[in-house]
Amino acid sequence: MKEDNCLHAALICLGMLYYSHAITTEKLNHTRPSLHGHHEKGKEGQVLHRSKRGWVWNQFFVIEEYTGPDPVLVGRLHSDIDSGDGNIKYILSGEGAGIIFVIDDKSGNIHATKTLDREERAQYTLTAQAVDRNTNRPLEPPSEFIVKVQDINDNPPEFLHENYHANVPERSNVGTSVIQVTASDADDPTYGNSAKLVYSILEGQPYFSVEAQTGIIRTALPNMDREAKEEYHVVIQAKDMGGHMGGLSGTTKVTITLTDVNDNPPKFPQSVYQMSVSEAAVPGEEVGRVKAKDPDIGENGLVAYSIIDGDGMDMFEITTDYETQEGVVKLKKLLDFETKKSYSLKVEAANVHIDPKFISNGPFKDTVTVKVSVEDADEPPVFLKPSYIFEVQENAASGTVVGKVHAKDPDAANSAIRYSIDRHTDLERFFIINAEDGNIKTIKALDREEIAWHNISVFAVEVHKQHQEAKVPVAIKVVDVNDNAPKFAAAYEAFVCENARSNQQFITISADDKDDSANGPRFIFSLPPEIIHNPNFTLRDNRDNTASVLVRREGFSRQKQDLYLLPIVISDGGLPPMSSTNTLTIRVCGCDSNGSMLSCNAEPYILNAGLSTGALIAILACIVILLVIVVLFVTLKRQKKEPLIVFEEEDVRENIITYDDEGGGEEDTEAFDIATLQNPDGINGFIPRKDIKPEYQYMPRPGLRPAPNSVDVDDFINTRIQEADNDPTAPPYDSIQIYGYEGRGSVAGSLSSLESATTDSDLDYDYLQNWGPRFKKLADLYGSKDTFDDDS
């Protein structure tokens, strides 16, 4: 500290001497005003004089950090026009004027009133001017000059960072660059050695060194081992004044870490590992672990394990747990204690990443022997197959054998096995199994169209150890039998034009069969034999499981018939084949000339648009006459007290029955033989229609025809009414039945009750009272002659 104060005082003295010399030189050489005339000829020979500036300035200097008692004289301003009488006034302006720098306005002396720091400001720019003291008229033009702050060594070196961190690989060669540290000095680098720095190492020898001029830290020892020591703390010093005595200094700390390289091979801590595993273990189960130690870290310490030899290579496998760096021995296949009780493995551990620089330290792998013993376990039964697939025909009788499953006890005890079906997989109980031999049978018939596959599970349990059980899936396929007839693929409804041409196709149909395709590879389409020669339509089998319906004749009329029902027989190709009759509904529609459908409703004929006016008037007149007649008829009917006909209370269509059979006359031995009213043409069950020609024969339901010799007229009438109601070829409005058969001959005349009412016959009609309530009206009309006469 004492030496620093002495040095500081010496520097101040040197600065004062330098400053005094500069001031003297300034006064002798630069503060003297020098006026030089410069002559120029102007116009008309006039001589002009231009003044030349009389101040010549050099830079002024002032030492920083001066702490003397008096202000420091910086310099003196003087003009060559100053005669010393005090009429000239010197003015100073610019940076720091009046605050840091003050001027004596008479003598021109400039003093620094404050201590200056070059590191804060290295120079100041000022402006000097000389003016007349009385008038303030400028005597000299303004001129600038610079005051420089002279540097002294008052700032120590400072490093950019207080602490540095660096890495270098272990085993690096001597002189390997680690990091460069940099310090800075606020002093003036252009003046002296105040900012000339030299680096040196204070702590960290003999492991590291530093370059004096650059600050680069390098390794100083070879083969530094991270596993021995990983981290080093180094202290670096920077000193100014070129490192000489009296210079200022600064330090920083550098933490250097040795990074790992793969210079150590893995090693097993023991030569043999003993492990055990139960024979009941499943593949993938862990048996044990081995670990080879590697002092390296990161990827240099990664170890991969493998089985390279041994009689258990097929039964075991080893994987690497990279989190713990262990080798995990796992079971690869099922073990059997009764077959083999122990295994031996040779396991190798090798580094994953190898550094070629240290290959000579190898080999980077190690081996160990692993002995695995198998422990006996009580095992559950084992099925001979992992799954079973059986087949059974649908509709098979109850008790049909489907198949057989078999399981055994793998233990030496070889316990007996009992079988059962998991009822959760056979909720409807289609099957049963024999508990002792494993035979599976059906309980009820199977339908392939409902369930084609039955997937059940069968349990096998040891008799003496109920907890030991096994389960196997059993798939049962229901084999198809041709038990379903083909049907229309859709609810077809065809349309045919009234102007359809002969052999014109108007619809294509197809069929579906619930049976398997093997029982219906192709469908055969045909018409029933009884209508094979249908006059309206025909059928063509396309032999591709479709058929086309064609028009056989030309011209249809909606007014005559707007609906046709065409039965179609569809047969499959199964054994035996199945067939069904499906009815195709065909509607007659109105179409335009291009065949486009316009309407399918029954419509009356429309008069031609070309009718004359007279024809229209005649038609209207006819309509008016008809309306008048209807009005008169209704009026007369209301005026009559009695009904127009005697049968008004009942519907004529339900009561007037015409019997064309005249019976046997007086030769009849019975009062009335209903058998004579039986139409022999209807005995076969077919009653022809009189109003239209039916499309196909109607087969009446059995059991409706009365006995031929029945005498119950009421039953006879009811039977005929039922036949009429159930006849699909008869419209619902047709309830009047006509019996056109007149019998095979009679000696007597007609027995018609209608004619007998107008004759003088003396027949006795009292027997009508016994014919039931339906003939009560006839009995009242013809029961007595007196009544008839009164009515007439």
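**Links within the chain**

Reply: A search of the whole structure, which is a predicted model, finds 18 salt bridges.

Me: Which residue meets Arg121 in a salt bridge, and where do the two partners lie?
Reply: Arg121 lies in the loop between strand S7 (109–112) and strand S8 (123–132), while its partner lies in the loop between strand S5 (88–94) and strand S6 (101–103), so that the pair links distant parts of the chain, 26 residues apart. The side chains meet at 2.6 Å, N to O. The partner of Arg121 in this salt bridge is Glu95.

Me: Is Arg121 buried, partly exposed or exposed?
Reply: A residue counts as buried under 20% relative accessible area and as exposed over 50%, with partly exposed in between. Arg121 has a relative accessible area of 35%, and therefore it falls into the middle class. Glu95, with 32%, is likewise partly exposed. The class asked for, that of Arg121, is partly exposed.

Me: In the salt bridge of Arg226 and Glu227, which residue is buried?
Reply: The closest N and O atoms of Arg226 and Glu227 are 2.9 Å apart. Glu227 has 27% relative accessibility and therefore counts as partly exposed. With a relative accessible area of 8%, the buried residue is Arg226.

Me: In what order do the four strands of the open sheet stand, and which of them are the edge strands?
Reply: The order is S19-S25-S24-S21, and the pairing is mixed. Neighbouring strands of this sheet are turned by 30 degrees against each other on average, if direction is ignored. Two of the strands each pair on one side only, and these edge strands are S19 and S21.

Me: How many bridges join S21 to strand S24?
Reply: The two strands run antiparallel, and S24 covers residues 342–351. Within this pairing, Ser306 stands opposite Glu348 in S24. The number of bridges that join S21 to S24 is six.

Me: With which residue does Glu348 form a salt bridge?
Reply: Glu348 lies in strand S24 and its partner in strand S25 (residues 365–375), so the pair ties together parts that are 17 residues apart in sequence. The closest N and O atoms are 4.0 Å apart, and the partner of Glu348 is Lys365.

Me: What kind of aromatic pair do Phe268 and Tyr273 form?
Reply: The search of the whole structure finds 15 aromatic pairs. For Phe268 and Tyr273 the ring centres are 6.4 Å apart and the planes stand at 75 degrees. Because planes over 60 degrees apart count as edge-to-face, the pair is edge-to-face.

Me: What kind of pair does Phe268 form with Tyr305?
Reply: The rings are 6.3 Å apart, centre to centre, with 55 degrees between the planes. Phe268 lies in the loop between strand S18 (249–259) and strand S19 (272–278) and Tyr305 in strand S21 (residues 303–309), so the pair ties together parts that are 37 residues apart in sequence. Phe268 counts as buried at 10% relative accessibility, and Tyr305 counts as buried at 6%. The pair of Phe268 and Tyr305 is tilted.

Me: Which cysteine does a disulfide join to Cys497?
Reply: The structure holds two disulfides, and the link of Cys497 is left-handed, with -80 degrees about the S-S bond. Cys497 lies in strand S36 (residues 493–497) and its partner in strand S42 (residues 579–591), so the pair ties together parts that are 94 residues apart in sequence. The S to S distance is 2.0 Å, and the partner of Cys497 is Cys591.

Me: Is the link of Cys589 and Cys600 left-handed or right-handed?
Reply: This disulfide has an S to S distance of 1.8 Å. Cys589 counts as buried at 1% relative accessibility, and Cys600 is buried with 17%. With 95 degrees about the S-S bond, the link of Cys589 and Cys600 is right-handed.

Methods:
Residues are numbered from 1 along each chain as its sequence is written. This is a predicted model: local features need pLDDT of at least 70, side-chain atom pairs count only at pLDDT 80 or more; totals for chains, interfaces and linings use all residues. Side-chain values use heavy atoms; hydrogens and water are left out. A disulfide is a pair of cysteine sulfur atoms within 2.5 Å. Buried means under 20% relative accessible area, exposed over 50%, partly exposed in between (1.4 Å probe, protein chains only). Rings of Phe, Tyr and Trp (its six-membered ring) pair if their centres lie within 6.5 Å; planes under 30 degrees apart count as stacked, over 60 as edge-to-face and the rest as tilted. Two strands pair if DSSP finds at least two bridges between them. Axes are lines fitted to C-alpha atoms, for helices over the stretch in contact, and angles run from 0 to 180 degrees between N-to-C directions.
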